Every structure is written in structure tokens, then in C-alpha cells.
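Hi,

Here is the structure I said I'd pass on. Have a look, and my notes on its pockets follow below.

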Amino acid sequence: MQILNYINGTLQPAKNQQWLANIEPATGQVYSELPDSDASDVNDAITAAENAFDSWAKLPSEKRSAILLRIADLIDRDAEFLAQAESKDQGKPVKLAASVDIPRASANMRFFATAAMHFASESHHSADAINYTTRTPLGVVACISPWNLPLYLFTWKIAPALAIGCTVVAKPSELTPMTAFLFSKLCMEAGLPAGVLNIVHGLGQKVGQAMVEHPAIPAVSFTGGTATGKQIAATAAPMFKKLSLELGGKNPNIVFADCDFDQAVSTSVLSSFSNQGEICLCGSRIFVERKIYDRFVAAFVEKTKSLPVGDPQDEKTKVGAINSAGHFQKILNYIELAKKEGGEIVCGGRAIKILGRCEGGYFIEPTVILGLPNTCRTNQEEIFGPVVSIMPFDTEEEAISLANGTLYGLAATLWTENLKKAHRVAGNLKTGIVWINCWLLRDLRTPFGGTKQSGVGREGGWEALRFFTEPKNICVKL
Ligand code: NAD
């Protein structure tokens with residue numbers, strides 16, 4: 001099967017006719033190919049988006065909204081098919097794709113399609129003047145997304161851009177291009193005008209870099225690794241482009257002794273191993289108050305051992321395949337590093353062979369490590385796999401200091417039944433998001449993003465709509 005670029009309303013191969021292999025992570029087999037596009041395809045996409053911009057931006061927001069809502073409805077219509085496709089392409093359990101990824105993709109489209117109709121700008125009145133601010137769509141913007149939540153994060157970026165009147169050149173990850181390709185067909189079916197959304201497939205260093213470098217692109221919305229984010233920032237900064245960078249994390253999960261123990265254990269298992277630990281929000285460093293440390297570790301390990309690892313197509317599977325051979329090896333290397341650093345592997349720690357169809361797939365047992373200091377590389381660097389480290393703490397101050405003790409600052413989770421303590425600790429955590437007694441409970445209106453090396457800017461709600469607009473203040477003397 002061939003995945004095609006979506007440029008100026010048509011599906012087409014790369015101009016150079018080159019292809020990249022697309023591998024199913026659960027089997028290790030090539031099952032489709034995608035265009036190995038380059039700067040000339042990006043240029044075509046940008047020209048198409050420039051030509052489409054004026055009429056799309058001038059369309060009343062209700063009309064743009066109606067088209068985006070149609071796309072959302074088509075995602076819902078094809079939800080089962082899209083979930084199967086996402087699972088095959090990414091390696092995640094089909095049940096997860098069906099219950100989280102695909103419903104969230106249509107929710108993203110619906111949310112921003114309607115939000116844009118309520119978007120407003122500000123005015124500032126004084127005795128001698130009225131200032132009013134207009135917010136107009138930026139123009140052609142670049143949206144670049146990663147492989148862990150493919151359609152979920154792809155739509156999370158393009159929906160606000162399109163809803164507010166920008167035209168878009170988008171690049172999904174070369175490791176998970178399938179659902180973005182299927183999405184382009186839905187856009188055609190929904191009647192999205194040609195050139196409004198263009199999807200160029202291919203490698204980050206070629207296609208992504210060409211998008212970021214292009215002088216006609218005033219803004220880049222990027223989700224991916226911190227190293228790539230740095231490269232994008234270095235390219236874009238001298239051109240004064242607007243950037244939204246959603247990057248890596250090394251998220252703390254703090255469990256106080258006065259928590260609802262069963263809830264803390266079961267949600268912590270989810271926040272550690274959902275999507276094979278390949279969610280930027282997964283809590284990979286678990287800090288447990290010493291009073292309940294042994295009990296927590298025992299319950300956590302017992303639950304972890306019961307997680308079924310296997311064929312993502314199997315409805316019973318909770319932990320599927322790691323997304324790529326390269327990432328699989330990277331995670332195994334980190335497990336070896338953890339051992340060298342003195343860590344004790346109390347659960348998992350190895351690659352698994354799944355017999356039958358998935359013999360060549362990339363599977364790793366959910367892994368729990370004890371006995372490492374917070375400062376070691378295993379606890380400082382993002383592993384982005386089914387690997388967690390559990391550490392004890394004695395005081396609230398110590399927990400805060402350990403949690404904040406990384407270069408990252410994306411999300412934190414904390415567990416306590418003491419309301420004052422919960423607010424106090426949340427206020428002191430240097431992260432963009434804090435979940436108290438829950439995890440990944442999302443309201444799409446809230447600001448989403450990280451501090452420090454987890455990124456710059458926020459997505460979600462008005463933040464995303466503002467990002468894709470240029471404010472202009474107009475002052476009228478009274
Ligand atoms: P990645 O940085 O390797 O790739 C992300 C995207 O950028 C891909 O589409 C890739 O092709 C493209 N790219 C690569 N080089 C580029 C360049 N020079 N210019 C422009 N684009 C380029 O990240 P990944 O491995 O796909 O994703 C995993 C990372 O994403 C993890 O670090 C994870 O924490 C992070 N992530 C962050 C969030 C968040 O919201 N903060 C969400 C999901 C994933």
C-alpha cells in the first residue's frame with residue numbers, strides 16, 4: 001500500500017518518486033511505503049497554502065467550522081477502521097486507539113471548530129482613548145507532529161490553525177504516517193478547499209527542516225523531542241518565527257502516605273505503562289513517602305506483572321509493541337544503563353518474543369527499577385518507554401526538590417488526601433501541568449505545555465487560537 005502526499009487538494013507521490021518503507025512495529029515487517037519527499041514537495045505545498053489563504057481566512061468562521069465539523073463526523077464514522085490503522089502503524093493496543101486516540105482526534109476537530117466561533121479580542125478604554133486589538137490569522141503555518149499519538153497530536157495542532165483561518169503545511173512522523181494519510185482522504189470527502197491543508201510525508205531532516213527554513217512560514221507548531229526542538233529553535237530564531245515547542249519530559253509522580261492507596265497504585269500503573277510508556281505525560285519517576293514505600297512497591301509490581309503484553313490487535317493486550325527497532329534498542333540500552341548505575345530491576349527488564357504473527361515485533365516487558373538516585377542518567381534522561389524508577393522520600397520539601405530536580409518540566413502527578421498539602425505542593429512544582437489524584441484527565445480548554453527543556457508556549461483552548469493569530473493594537477483618540 002502506498003501512502004501519498006496531500007498537496008493542493010490532490011493525493012500525489014513525492015516529485016522525486018522516492019519511497020520510504022513503513023514498518024508494522026508488532027511484526028517488524030514492511031507493510032506500506034510513504035513518499036520520501038524533499039524541499040520541492042514542501043515548496044509546492046507552501047505555494048498551494050499561500051494561494052488558498054485569502055479565501056480561507058475571509059470565510060466566515062461558521063463556514064470554516066462547518067467543514068471542520070464534517071471532518072470530525074467522518075472520523076467518528078470511520079473510527080473503528082482508523083483505530084485498527086493506528087494500532088498497526090504505531091504498535092499501540094487497538095483498544096487504546098479505539099478508546100483514546102481516535103475519539104480524541106474527532107474531539108480536537110470539534111473543539112476548535114466551535115471554539116473559533118467564540119474567539120474574541122480585547123479592547124482597553126481610558127479617559128482619552130480606546131484601544132482595540134485585532135487578531136488576524138498568521139498565514140501559512142507549519143505543524144510538525146511525533147509518532148507516539150499520531151492522529152491525536154496531528155489534529156491537536158492543525159485544528160486550531162485551520163479553525164482560526166490559517167492554511168497549513170503539516171508533517172506527521174515518518175514512523176507513523178498512516179492515519180494522517182487516511183485523514184487527508186476525509187478532508188477531501190468533507191469538501192475542505194484545495195490547499196487549505198497540505199500534508200507532506202517524509203523525513204524530519206528533509207521535509208521538516210525545509211518547512212522550518214521556508215521564509216513564507218511565519219510560525220511553527222512542533223511536538224517532538226527536545227533535541228529536535230533545539231534544532232528547530234536555532235533555525236527559526238534568526239528568522240523571527242513564532243514557535244510553539246512541546247518537547248520531552250521526565251515527569252514525577254509523587255505519592256504521599258495519606259493518599260487513597262488503591263487509586264494511587266492503579267492509576268500509577270496506567271501513568272507508567274499506557275501506550276508502552278510512550279506518552280510525553282507518563283510519570284517515569286515515582287517518589288513514594290517512605291512510610292508506605294515497601295507496601296506501594298509490592299502492590300505496584302504485582303499489578304505491573306499482571307499487564308498483558310502482546311499483539312496490539314488482541315483486545316486483551318494492555319502493552320503493545322515499541323514503535324520502532326531504533327527506539328526498542330534505545331530502551332533496552334537504558335535498562336542496561338540502569339543496571340550499571342546500580343539499579344535493581346524488580347520487574348521486567350527484558351525484550352519479549354511473542355510467538356506467531358508478532359515474532360519479529362519489538363516488545364519489552366514493563367520494567368520497574370529501584371535503588372537509583374534521582375541524579376543518575378536513568379532518572380534524568382527521557383527513556384520514553386515502559387520503564388519506571390521508584391524512589392523513597394521522607395518530607396514534603398524533599399519530594400518537591402526531587403520532583404523539580406531535572407532539566408524537564410512538563411507534567412507532575414501527586415497523590416494525597418490532604419487538600420492544603422496538595423495545593424501547596426502543586427504550587428511549588430516547576431511543571432506546566434499538575435494532576436492531583438488523577439492522571440491525564442484532560443479539559444481541552446486548559447493551557448497545555450511545559451517549562452524548562454519541556455518546551456516553549458502552550459497549546460489548548462484560547463492559547464492555541466492566539467498562537468495562530470497576529471495581534472494588532474489600534475488606538476483611537478477620543
Ligand atoms: P522527533 O523530535 O524525533 O520527531 C518529531 C517530528 O519532528 C517528526 O515528524 C520528525 O520527522 C520531525 N523532525 C525531525 N527532525 C526535524 C527537523 N530538523 N526539523 C523539523 N522537523 C523535524 O520526536 P519523536 O521521536 O517523533 O517523538 C517523541 C518525542 O516527542 C519525545 O521526546 C516526547 O516526549 C515528545 N512528545 C512531547 C509531547 C508534548 O506535548 N510535550 C507530546 C508527545 C511527544
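**Pockets**

The largest pocket has a volume of about 990 Å³. A pocket here is an open set of points on a 1 Å grid over the protein atoms alone, where a 1.4 Å probe fits, with protein on both sides within 12 Å along at least five of seven lines; lining residues have an atom within 4 Å of a point. Volume is the space filled by probe spheres set on the points, which are joined across faces, edges and corners.

Just so you know, this is a predicted model: local features need pLDDT of at least 70, side-chain atom pairs count only at pLDDT 80 or more, and totals for chains, interfaces and linings use all residues. Numbering starts from 1 along each chain as its sequence is written, and side-chain values use heavy atoms, leaving out hydrogens and water.

Back to that largest pocket: 38 residues line it, with Trp147, Gly224, Gly225, Thr226 and Thr228 nearest its centre. The largest share of the lining, six residues, comes from α8 (helices are DSSP runs of H or I, at least four residues, and strands of E, at least two, numbered from the N terminus). At least three lining residues come from each of domain 1 (5–247 + 454–477) and domain 2 (251–444), with bounds from an automatic or database domain assignment.

The second largest pocket holds about 450 Å³ of space. Its lining has 23 residues, and Val100, Arg104, Tyr152, Leu440 and Arg442 are the closest to its centre. Here α4 gives the most, with four residues.

Cheers
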